[in-house]
Amino acid sequence: MAKSMLIISRQAPWAGPSAREALDIALAGGAFDLPLAMLFLDDGVLQLLPDQAAGELQQKDITANLQALSMFGVDDLFACHTSLAERGMGPTELNVETLQVLRDQEIAALIDRYDQVITL
Amino acid sequence: MKFAIALYSPAHAPSSRRALLFAQAVLAGGHEIVRLFFYQDGVHSASSSIVTPQDEQDVAAQWRDFVTDNQLDGVVCIAAALRRGVLDADEARRYSRPAVNLAAPWELSGLGQLHDAVQSADRLICFGGP
Amino acid sequence: MSTLHVLSHSPFTDTRLNSCLRLLGSADAILLCGDATYALSASTAPRQALEARADNLLLFVLDEDAKARNLPLPEWATAVDYPRLVALSVQYDKVNTWL
């Protein structure tokens, strides 16, 4: 049975390549049909803001890639409620509809459920 | 146990040296290293162009020797490497770049190798940051 | 399942320690290494936060980093060397490094 992996993305979308490189791990694993999930935590939840204009910075739009996750079989997406609240973000106003918002204790349980975790 | 070790920081970061010392302790403890995978700024830890003052630790050289001496699989993520200007001879030729700064024992490959290592190993340990 | 969380960033400039403490599971442990060892500096908020959990948090510290910084360790923290760190990574089900 394949080992499962949780990828925790903690960086804002344009804080360097980290957000993109976390996503790439998920997409690569999805391409191999591996059981994966992504959790957006701390500044990582800023990737979930709608109506961003990445073109202004000559950057790629991360929203399209986040929405592509399910095409690669990565359907389990989570966001930290505390991180959202700290940044004035409502749980229903995010750019990915199929995402679950979790409280802190639920996140501890989430981390426990996966065989491996990468936090970047 | 089988270990997959992933490094995300350059040779001058304390975490690169820490990862190396950990990897050495893994082998000394009788365990196996399935693969070393260098990602994000970790690609710089595989650079062959690093010059350190004589009175400082040359961690990149130590990594190279460690992989060679123990015949380990040392993989550098190609996408992360290209983005950061770490190129082997093939890529330098492909993209007409003036310098080659990645050589044996390091191999450029994709993130699939990280996943493959994680699937084969009992433990994944990541090192990065300070 | 038990996770060993690894932190190396200074707690004074960074939120990783706080986030880690929020999300810690009951069977989890923390390893402080690099600049994260400054969390044990006397009379600081990070030290107080860790001390408050001393009864049910297993706290490990990479010995070379504490010694380099001349940080005396409280009795509720355990110094480890690299062989011991390898043993910990075997003992815990997984290692989560806060990169």
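Chain A contains four helices and five strands (helices, H or I, have at least four residues and strands, E, at least two; both are DSSP runs numbered from the N terminus). The structure is a predicted model, in which local features need pLDDT of at least 70, side-chain atom pairs count only at pLDDT 80 or more, and totals for chains, interfaces and linings use all residues. Residues are numbered from 1 along each chain as its sequence is written, while chains are lettered from A and ligands numbered from 1 in the order in which they are written. The model has an ipTM of 0.97 and a pTM of 0.97. For chain C the mean pLDDT is 97, with 100% of its residues at 70 or more; pLDDT is the predictor's confidence in each residue, from 0 to 100.

Along chain A, the elements follow the order β-α-β-α-β-α-β-α-β from the N terminus. Its radius of gyration of 13 Å agrees with the value near 14 Å that a compact globule of 120 residues would have (the radius is taken over C-alpha atoms, and the globule rule is 2.2 Å times the number of residues to the power 0.38). Taken along the principal axes, the box filled by the C-alpha atoms of chain A comes to roughly 45 × 30 × 25 Å. Buried residues make up 45% of the 120 in chain A; a residue is buried if 20 or more other C-beta atoms lie within 10 Å of its own, exposed if 12 or fewer, and partly exposed in between, with C-beta atoms placed from the backbone. Of the contacts in chain A between residues at least 6 apart in sequence, 71% link residues at least 24 apart, two residues being in contact if their C-beta atoms, placed from the backbone, lie within 7 Å.

Chain B holds an open sheet of five strands in the order E4-E3-E2-E1-E5, with parallel pairing; strands pair if DSSP finds at least two bridges between them. Strand E4 (107-109) and strand E5 (123-127) of chain B each have a single partner strand and stand at the edges, so one side of each is left without a neighbour in the sheet. On average, neighbouring strands of this sheet are turned by 25° against each other, direction ignored. Five bridges connect strand E1 (residues 2-7) of chain B with E5(B) in the parallel sense, and B:Ala6 lies opposite B:Cys126 in E5(B). Strands E2(B) and E3(B) also run parallel, joined by three bridges, with B:Phe38 opposite B:Val76 in E3(B). Within E3(B), B:Gly74 and B:Val76 point one way, B:Val75 and B:Cys77 point the other way, and all are buried. Helix H5 (residues 112-120) of chain B lies across E1, strand E2 (32-38), strand E3 (74-77), E4 and E5 of chain B, at about 155° to E2(B); axes are lines fitted to C-alpha atoms, for helices over the stretch in contact, and angles run from 0 to 180 degrees between N-to-C directions.

B:Ala11 occupies the loop between E1 and H1 of chain B. This residue counts as buried because it has 23 C-beta neighbours inside 10 Å. Leaving aside residues up to four places away in sequence, B:Ala11 touches B:Ser16, B:His44, B:Ser45, B:Ile50, B:Val59 and B:Ala60. B:Gln57 is 46 residues from B:Ala11 in sequence, with 9.5 Å between their C-alpha atoms.

In chain C, an open sheet of five strands likewise has the order E4-E3-E2-E1-E5 with parallel pairing. Strand E4 (77-80) and E5 of chain C are its edge strands, each pairing on one side only. Strand E1 (residues 3-7) of chain C runs parallel to E5(C) and is joined to it by four bridges, C:Thr3 standing opposite C:Lys94 in E5(C). Helix H4 (residues 82-91) of chain C packs on the sheet and touches E1, strand E3 (58-62), E4 and E5 of chain C, its direction making about 115° with that of E4(C).

Chain C is in contact with both other chains listed here. Towards chain A, 13 residues of chain C meet 13 residues of chain A. Helix H1 (16-23) and strand E5 (94-97) of chain C each supply at least two residues of this side of chain C. By class, the side comprises five nonpolar, six polar and two charged residues (Ala, Val, Leu, Ile, Met, Phe, Trp, Tyr, Cys and Pro count as nonpolar, Asp, Glu, Lys and Arg as charged, and the others, Gly among them, as polar). Between chains B and C, 19 residues of chain B are in contact with 14 residues of chain C. Helix H1 (14-28) and E5 of chain B are the elements giving two or more residues to this side of chain B, and H1(B) gives the most, with eight. Twelve nonpolar, five polar and two charged residues form the side of chain B that touches chain C.
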